[in-house]
2 protein chains.
Amino acid sequence: MAGEADFIAALRGIARHPAARGLIDDAAVIAPPPGRDLVLTHDALVEGVHYLPSCPPRDVAWKLVAVNVSDLAAKGADPIGALMGYALTGDAGWDAEFVAGLGEACAHFALPLLGGDTVSLPPGAPRVLNLTAIGAAAPGAVPARSGAVAGDRLWVTGAIGDAGLGLRIALGELTGPASLLDAYRRPRPDVALGRLIAPHAHAMADISDGLLIDARRMADASGLAVDIDLDAVPLSREAIALAGSDRRARLAAATAGDDYVLLIAAPATIASICLPESAILVPVGRFAAGAGITLHDGGGAVPLPPRLGYEHGRLP
Amino acid sequence: MAGEADFIAALRGIARHPAARGLIDDAAVIAPPPGRDLVLTHDALVEGVHYLPSCPPRDVAWKLVAVNVSDLAAKGADPIGALMGYALTGDAGWDAEFVAGLGEACAHFALPLLGGDTVSLPPGAPRVLNLTAIGAAAPGAVPARSGAVAGDRLWVTGAIGDAGLGLRIALGELTGPASLLDAYRRPRPDVALGRLIAPHAHAMADISDGLLIDARRMADASGLAVDIDLDAVPLSREAIALAGSDRRARLAAATAGDDYVLLIAAPATIASICLPESAILVPVGRFAAGAGITLHDGGGAVPLPPRLGYEHGRLP
């Protein structure tokens, strides 16, 4: 693609929702779903910070969509539309592959692309990709990060640490199965699961930066302490086969981030709600009066690692 | 400010709307105004592309908000919220000034900051600033760019070319009054005027890239030709005093961009709607069957300039 006009022409192949107005207008227009709240989120990816420059552009597009959909899922919201801020850097082949991946991701997550803005960056500047996702949720059933109550269990809805191993595979530090690399490059947040769980959750968020750091944020926002049982953290068979399941492997999994599963504060009774057979809901900790995060496993208290998760540094 | 946490803490001083949830959540939650359509727009500014690196950060923030509000105004929408994608580049003083300007602009345009994402760019990368603005409009009264009808007049709602002269003042090419520099750095799109005019407009957009290029886009989107009377293009007294009002000055004004006034296709009867005394509504052209853009003035047909407006190049 030769430039902005060609890029926008390619986007028109994706943005077929009538609200997108064929991308010839400066704004999209939608009638909001009646009787529902709007959930609004915005996440950006920066080349070399949030993804490796070697990452295939289709996967970068997928991840841009998935990280935003994950925030909607964590609020129990169904996607209703997205606006993208895209930065052209003069690599038409990369842009074309990105658009292909964007189409796949928007189709997978049923997220209509409604508009956005395309800018051109000076040569050599890292790509900066922005997406705003809009969702609709049942009023009064949008759990905050700050709603945990002392006595609540902390739950997760999927394996922790697969994406962290996938990053190490992408970096060439490990050799491992494609499923782990895929977990890193193509996270699949579960919107339907979020919608089912939201009405029963006191607090909900997604795990993007790492189980430990995201759990501590939930505890901090709720004015509570949280204790995590490392032995309870679910690891996938592939992860155990590759990296084991000892304390060190579990700490690595719990601090790696990019899991994009749900993190939930809710009483034990939540285990009895009806979920699809494919879903898992695993208690990994407990909230109590106090502050901060503590860890334990079968061997007793576990000292906190120096790093609880991804804190917006740069990739290696 | 020392980093992302400090920056977000400063933003909390602005994001006081309850939907922003104190910026501790990953998403904002709002109840949409009942019975109204949502208008969604996203515009980005890139340092060195959309603003000069020497531009005061307060004015950059103002412009980021204003260019998005201008798109809402052009759809007859009232602002209801915004999400910002901000890129930290390690200059805490710049960031602090930006936040101050963001607060001024959000207050001026009654645009609540509801959330967003802050990322860190590698040293030396140009700043990339993204904003998504959400507005609410009366259903069925959101004019598209593509709705012009043969016989419609083309109207503008303010002086054309002030910002272009302001840019030349900012570049040191001209010495001129502060009001022109201000027109360039602090555009003031008129939301109330957009709301009044929208129900009467066949097509509406804002003038961001230049009167000629934006008029041609409206004609193209509507499948029509447009002819513009250069002599009718309103110039401010300050602009005339600085640059004159001959054909050359008018062509410069009509291709400079950054005006952020409304561009309207509507029949002559729109002149009779009740507008505030401060508002102007000036016919500058006419749509007809055909394609493309033509110009004339008292001297007859005027050849098209080589450049109809700002086409996403880089600033000088």
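**View 1. Strand 9 of chain A holds the bridge partner of Asp206(A).** That partner is Leu262(A). This is a predicted model, in which local features need pLDDT of at least 70, side-chain atom pairs count only at pLDDT 80 or more, and totals for chains, interfaces and linings use all residues. Residues are numbered from 1 along each chain as its sequence is written, while chains are lettered from A and ligands numbered from 1 in the order in which they are written. Strand 7 (residues 203-206) and strand 9 (residues 262-266) of chain A pair antiparallel over four bridges. Strands (E, at least two residues) and helices (H or I, at least four) are DSSP runs numbered from the N terminus. Pairing takes at least two DSSP bridges between two strands.

**View 2. Strand 7 of chain A has buried residues on both sides.** Ala203(A) and Ala205(A) point one way. Met204(A) and Asp206(A) point the other way. All are buried, with 20 or more other C-beta atoms, placed from the backbone, within 10 Å of their own.

**View 3. Chain A meets chain B.** Each chain brings 53 residues to the contact; contact puts C-beta atoms, placed from the backbone, within 7 Å. Strand 2 (37-46) of chain A is among the elements that supply at least two residues. Strand 2 of chain A gives the most, nine residues.

**View 4. Strand 2 of chain A joins strand 1 of chain B.** Three bridges link these strands, which run antiparallel. Leu38(A) has Ile30(B) as its bridge partner in strand 1 of chain B.

Key. A residue is buried if 20 or more other C-beta atoms lie within 10 Å of its own, exposed if 12 or fewer, and partly exposed in between; C-beta atoms are placed from the backbone. Two residues are in contact if their C-beta atoms, placed from the backbone, lie within 7 Å.
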